[in-house]
Amino acid sequence: MSTDSTDSQFSPERSALLSKVEPAVLEEQALVTNNRDFNWVTNKICKIVETNAPNWWWVCFAVALATASFTLVGLIWLVSTGVGVWGLANPINWGWAIVNFVFWIGIGHAGTLISAILCLLKQGWRTSINRAAEAMTIFAVVCAGIFPLFHVGRVWFAWWLFPLPNANLIWPQFRSPLEWDVFAVSTYGTVSVLFWYMGMIPDLGILRDRAVQRLTKGVYEGSSKLRQSMAHGADIFRKYFYGVLAMGWRNAGNHWRNYEMAYLLLAGLSTPLVLSVHTIVSFDFAVAVLPGWHTTIFPPYFVAGAIFSGFGMVLTLMLPLRALYGLHDLITQRHIDNMCKICLGTGSIVGYAYIMEFFIAWYGANPYESFAFINRAFGQYSWAYYIMFSCNVFTPQLFWFSAVRKNAALVWIMSILINVGMWFERFVITVTSLANDFLPSSWGYYSPTIVDVFTFFGTFGLFSTLFLLFLRFLPLMPIGEIKFVMPQADPHGHESDNGKESH
Amino acid sequence: MANIFPKWVNSIPVKVIIALVLIKTAVVVGVTYYFSPEYTRVGYAPTQPVAFSHEFHSGTLEIDCRYCHTFVDRSGHSNVPGTNVCMSCHSMVLKDDDRLAAVRQSYESGEPIPWVRIHKVPDYVYFNHAVHVNRGIGCVECHGQVNEMEVVHHAKQLSMGFCLECHRNPEDYIRPIDEVYNLDWERPSDSQSIEEIEGFVHDWGVNPPQSCSGCHR
């Protein structure tokens, strides 16, 4: 829509007034800066996969693998001994395992939000971060799944969680939110993988075709014969690897039409999941009749917290990647601003929920409920409450200031604080209510054991390992969709709006 | 650009899907058939050290179950008789028969005959014989028509589903107390008798546990 046609719809008084006021034209920042062309985008993203892994990648990969081994040790220890090696004891039978599960599941939510809701809302800025965020979602679900899986005790019976017909004539307890969790999380994982993979098919086709082109040309540069033949061999691997994964993508018009439709359908399918998964996770607590858990505010409060922590994690991952791969033209200040603003918005909802819980504890006039909250803030776990409150409520408020949002290092540190805070939120919710419940004679204090610590610490390694492998073998950003939001792709071109309006 | 894959590759996805469907069906059918207690337990008939015939003793001679399994209505455990019980008749009947040599030897030495156990619930299951037979659950419900078995075999599944089926619908299995040890008893078909029998569940306060801890104590 051009400026001229808009003007003609309004009365002359309005036009006169507008010319008097001279409203400021707010430049919308381009989503790909520095006037990069399409070819540059393709090269930039493909080269990450096609060139040799940088040294930092190998260092990170080694560290990540070593860290991941801690989870392996923790789990072997657990399975060979029994759940008793975790710090769980009456009355606190939900410790770190549930805390870590909710923590990791929450992190995943940013990916689904970016890929589904922002897609339906036509937010162009999602394109350069959605692939990595979806990968993050899937890897976070993998990490999250470990904890409830091993928490069942005899992990080899974990398949009993699924309603399979059996000779025992028994079914899982369908009235339990823990069983709903099984369905919610497995659906979430499945849809996320489908969405992620389907979105990647055109890019896998590009990687395949580039390898084939190089093989056809047959010229490989390199200091030695060995290096040349290694590069050649890598391209043969790529030809088949991406060839299989691309599922015969030929970049044809009908392919793109089907792709767009499938993408839209999956976006529609995942949109309710953004809200439902963490709602059901919150039911694990809210359905129990325990002061501090049994509240109706839990579903929205948990969903907001999940998106908050998810965007925190996206920032934690994308800011270093942007610096290491030199992606400043693709992940621009506008992207960072938007992510910070979502953190600010969801963080404020979380802060509101914290305060509202206290209000209701007082207003509800239930002595057990009010005790639960006074105990949270001033009881034996008050240290955890303070960490949670300061990280989650105060940190995001700094994002009101554009100077803060422009300081990448500061944003990165704050994004980590957000996730520290969100972990402590789950810890506070899970542990304080259990440790001091109705019966003072059974009150206890929960401490994790070394096995708890190993298992949780290692999941960061597992997550990083998977993410580094993703960086190495799969396209980091959706090449086609980035091109779609570039100024060059604007069908109106640059000439019609004479610089008065930008898209 | 030349094709990467030859043309026959096009049919691979369909073939993979068909293969997966077939494999999955085979696994489901196979597990359902071969992994069920119906297959793994029913029909188990080990050779016993003495060829004792339940068909003859219980069927033809109509000896009451409790003549040998003396404590079944007084104890959680249904005992296998010692050879002194055998000798209560066989000291006079067939007293020199070769087939009873092992019984006489056991009676003299005091060493029990090593019968091979057929019916066994797992260690983590609590089962009480007395409470079942005293509340109208006949022997035949779990052990089958032992009075017709020359060699005793495992007649019923004794799976958890088998137990639960009765615990959930006791009125379909309960019988008059007098008929508990009558393995040939048949449920009457007229509605008045059925109503009367189903009333036992209420009259005797039969309330079979369905919670986990009812049996897994």
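Reader: What makes up chain B, in helices and strands?

Author: In this predicted model, chain B has 11 helices and 0 strands. Read from the N terminus, its elements run α-α-α-α-α-α-α-α-α-α-α.

Reader: Why is chain B called more spread out than a compact globule?

Author: Happy to set the numbers side by side. For 217 residues the globule rule gives 17 Å, and the radius of gyration of chain B is 25 Å, well over that value, so chain B is more spread out than a compact globule. Along the principal axes, its C-alpha atoms fill a box of roughly 100 × 50 × 35 Å.

Reader: What share of chain B counts as buried, and what makes a residue buried?

Author: A residue needs 20 or more other C-beta atoms within 10 Å of its own. In chain B, 14% of the 217 residues count as buried.

Reader: Which residues make the contact between the chains, by number from each side?

Author: Chain B puts in 10 residues and chain A 7. On the chain B side, helix 9 (residues 160-168) gives the most, with 4 residues. By type, that side of chain B divides into 6 nonpolar, 3 polar and 1 charged.

Reader: How do you know that helix 10 of chain A has the span expected for its number of residues?

Author: Helix 10 (residues 298-325) of chain A has 28 residues. At 1.5 Å a residue, 40 Å is expected, and the helix reaches 40 Å from its first C-alpha to its last, close to that expectation.

Reader: What follows helix 10 of chain A?

Author: Gly326(A) does, with a positive phi near 65°.

Methods
Residues are numbered from 1 along each chain as its sequence is written. Chains are lettered from A and ligands numbered from 1 in the order in which they are written. This is a predicted model: local features need pLDDT of at least 70, side-chain atom pairs count only at pLDDT 80 or more; totals for chains, interfaces and linings use all residues. Helices (H or I, at least four residues) and strands (E, at least two) are DSSP runs, numbered from the N terminus. The radius of gyration is taken over C-alpha atoms; the globule rule is 2.2 Å times the number of residues to the power 0.38. A residue is buried if 20 or more other C-beta atoms lie within 10 Å of its own, exposed if 12 or fewer, and partly exposed in between; C-beta atoms are placed from the backbone. Two residues are in contact if their C-beta atoms, placed from the backbone, lie within 7 Å. Ala, Val, Leu, Ile, Met, Phe, Trp, Tyr, Cys and Pro count as nonpolar, Asp, Glu, Lys and Arg as charged, and the others, Gly among them, as polar. The expected span of a helix is 1.5 Å times one less than its number of residues.
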